[in-house]
Amino acid sequence: MIIHHPILGPRDAQEFVYLGDASLIDRPDGMTAGVEVFHDYLYNRTNPAGEHQELWYHEQGDRSWLVVTRNTVTHEITKVELARDVARSRGRTK
Amino acid sequence: MANLQPLTALGRREATTVTHGPLTVSERTDVALASVAARKGRMAALTKAAQKAGVPLPDPATHQSGAPYSAFWTAPEMWFVEAPFATHELIADLLKSALGDAASITEQTDAWVAFDLAAPDLAPLLERLCNVDYPARPTGHATRTMMEHLGVYLIKHGPDTARIYGPRSSAESLLHAIETAAHSVW
């Protein structure tokens with residue numbers, strides 16, 4: 001499987017480490033959001049048969065975090081973005 | 001005062017050179033190394049300071065030579081800077097005073113072992129060692145990759161010359177990997 005790194009171009013998937021659902025970026029505020037919301041964030045994942053946004057780490061490359069949009073049925077990768085850019089576009093400052 | 005003898009990454013007094021067939025592997029002990037990372041939101045200030053100080057900050061996946069400072073890209077807004085050890089042993093201090101608080105700088109000289117590879121064609125050697133398509137990459141290409149179990153930086157100085165930076169504590173293992181691959185080619 002080839003992942004098209006937004007900076008470095010096509011890279012073999014063996015250079016990457018898979019973390020999981022990219023919803024990990026949207027961590028709720030544990031002090032105000034309440035236990036239920038934080039529990040969902042920590043433990044509950046949708047497991048779609050189809051398009052899925054997931055976090056990959058370029059461990060053997062430039063060590064950047066990526067958000068990869070992948071179809072879990074066909075393994076087709078439709079979009080690769082830097083996780084930093086995705087987080088910032090969702091209003092995060094770090 | 002104790003009279004201490006510096007040792008190379010391979011534990012010897014002098015830099016090691018190994019030859020096999022057309023290949024020469026030379027350990028380099030005359031390179032000072034430091035990492036330079038832009039602090040958050042300070043990239044513009046770093047670019048300005050680096051330009052003034054003559055520190056190149058090349059594009060992603062590239063190496064840029066210069067005197068005294070050369071540099072290669074390692075991560076977004078982060079570079080490794082090389083300089084001659086004889087004049088720039090205190091490279092981290094020199095860069096800190098040149099670049100100010102726009103960048104975070106870390107001394108790297110003694111964390112790495114540097115090997116220069118030279119052979120008329122390095123492609124058959126490097127295709128056994130890592131998954132970088134060496135002939136297809138341009139001269140000046142710099143990337144992090146895996147050789148055996150080791151994460152290394154590979155810099156293409158030409159089709160016949162390359163430099164590898166590997167973890168210093170695994171210098172023997174890295175040299176062994178290169179020699180093993182060389183024996184299967186030549």
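**Reading strands, contacts and cores**

User: In this predicted model, which residues does B:L95 touch, leaving out those up to four places away in sequence?

Analyst: With those sequence neighbours left out, B:L95 touches B:A34, B:V36, B:V55, B:V81 and B:I105.

User: How do I go from one residue's contacts to a core?

Analyst: Buried nonpolar residues are joined into a set through C-beta atoms within 7 Å. Here the largest such core has 52 residues, and B:L95 is one of the members that touch the most others, along with B:V81, B:I91 and B:I178. Helix α5 of chain B, residues 171-185, supplies the largest share of this core, seven residues.

User: How many residues are in the other core that lies apart from it?

Analyst: Six, including A:I3, A:A22, A:W56 and A:V68.

User: Now strands. Which way do β3 and β4 of chain A run?

Analyst: Start with the general idea: side chains in a regular strand alternate between the two faces of the sheet. In our case, β3(A), residues 17-21, and β4(A), residues 51-57, run antiparallel and are joined by four bridges. A:V17 sits opposite A:Y57. On to β5(A), residues 65-71: seven bridges pair this strand with β4(A), again antiparallel. One of the partners there is A:V68, across from A:E54.

User: And how many residues of each chain are in contact where A and B touch?

Analyst: Chain B has 10 residues in contact with eight of chain A. On the chain B side, β5 (70-75) and β9 (142-147) each give two or more residues, with β9(B) giving the most, three. That side divides into five nonpolar, four polar and one charged residue.

Note on methods: Residues numbered from 1 in each chain as written. Chains lettered and ligands numbered in written order. Predicted model: local features only at pLDDT ≥ 70, side-chain atom pairs only at ≥ 80, totals over all residues. Pairing = 2+ DSSP bridges. Contact = placed C-beta atoms within 7 Å. Nonpolar A, V, L, I, M, F, W, Y, C, P; charged D, E, K, R; others polar. Buried ≥ 20, exposed ≤ 12 C-beta atoms within 10 Å, placed from the backbone.
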